[in-house]
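I opened my notebook to look through one model.

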Amino acid sequence: MKQIRYIWQVSKEVHGRLLAIALVVMIYTILNLISPLIFSFYIDSVLGSEPVTNPLFLFLIDVAGSTEVLRNNLWTGFLLILFVYCFVCLFQYLRGRLNAVVGETVTRNIRNELYDHLQHVHYSYHVKNKSGDLIQRCTSDVDQVRRFISAQYSEMVYSLCTALIASVLLFSIHQDLAKLAVVTMPILIVFAYWFFTKAQKIFRCSDESEGVLTDKLTE
């Protein structure tokens with residue numbers, strides 16, 4: 001919790017952008033999940049004879065007049081899919097841009113605080129600590145935080161949105177498959193927790209070894 005509070009503190013000037021990332025990722029996820037439904041609608045209900053239950057496609061049929069009109073004008077499906085994918089690309093671009101701005105801003109703030117801190121600690125602190133380890137903390141460790149902020153934050157939001165929205169869509173399409181998917185999710189969560197616990201120990205060992213290596217190279 002201390003680490004999260006600290007990151008929240010050093011990112012206070014980009015809190016609005018963090019919320020914007022969450023909103024952009026949510027819209028991006030919705031559009032990504034809608035696009036295969038459009039294919040399904042045109043193949044199963046427009047070209048086929050499956051009944052339409054999705055409110056969005058019922059509205060589309062009302063606007064067009066009937067499925068017969070859509071069947072005779074399949075180019076409308078092409079334009080609809082193209083329209084959705086254009087917005088997918090737009091929100092993907094916004095996501096990447098916001099990630100980069102937030103990541104670099106937080107990294108700059110952390111490095112400035114580290115530099116200021118090292119300028120004011122007692123001389124004995126520099127005597128006790130290896131210079132290579134301090135360099136490691138100011139470079140590689142800070143870069144790891146940048147990677148987390150600029151990539152993993154939006155990925156976490158994307159994963160949560162995908163799980164929630166996909167579950168809602170799946171329950172509206174096929175309840176038995178949805179129940180099966182929901183049952184397997186706790187197993188995946190437990191496995192992910194076990195994996196990242198192991199990975200955290202290995203990463204810490206690797207980070208300490210890299211600090212020793214940096215110290216040797218610095219000397």
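A nonpolar core is a set of buried Ala, Val, Leu, Ile, Met, Phe, Trp, Tyr and Cys residues joined through side-chain atoms within 4.5 Å. I keep in mind that this model is predicted.

**Entry: the core.** I looked up the largest nonpolar core and found 30 residues in it. Which of them touch the most other members? I noted Ile38, Phe41, Tyr42, Leu70, Val102 and Val106. Helix α2 gives the most, with 12 residues.

**Entry: Phe41.** I picked Phe41 and left aside its neighbours within four places in sequence. What else is Phe41 in contact with? I listed Val46, Val52, Phe57, Leu60, Ile61 and Leu70. Leu70 is also among the core residues that touch the most other members.

**Entry: the surface.** I then turned to a nonpolar surface patch of about 480 Å². Phe39, Ile43, Leu47, Leu74 and Tyr85 make this patch. I found Tyr85 in helix α5.

**Entry: Asp176.** I located Asp176 in helix α8 (residues 175-218). Is Asp176 buried or exposed? Asp176 counts as exposed because its relative accessibility is 54%, and exposed means over 50%. Last, I looked up the separation of Asp176 and Ile110. They are 66 residues apart in sequence and 49 Å apart in space, C-alpha to C-alpha.

Terms used:
Residues are numbered from 1 along each chain as its sequence is written. This is a predicted model: local features need pLDDT of at least 70, side-chain atom pairs count only at pLDDT 80 or more; totals for chains, interfaces and linings use all residues. Side-chain values use heavy atoms; hydrogens and water are left out. Buried means under 20% relative accessible area, exposed over 50%, partly exposed in between (1.4 Å probe, protein chains only). Helices (H or I, at least four residues) and strands (E, at least two) are DSSP runs, numbered from the N terminus. Contact means heavy atoms within 4.5 Å. Patches are made of residues with over 30% relative accessible area and no salt bridge: like charges are joined within 9 Å, nonpolar side chains (Val, Leu, Ile, Met, Phe, Trp, Tyr) within 5 Å. Accessible areas come from the Shrake-Rupley method with a 1.4 Å probe; for residues, only the protein chains shown count as cover. A salt bridge is a side-chain nitrogen of Lys or Arg within 4 Å of a carboxyl oxygen of Asp or Glu.
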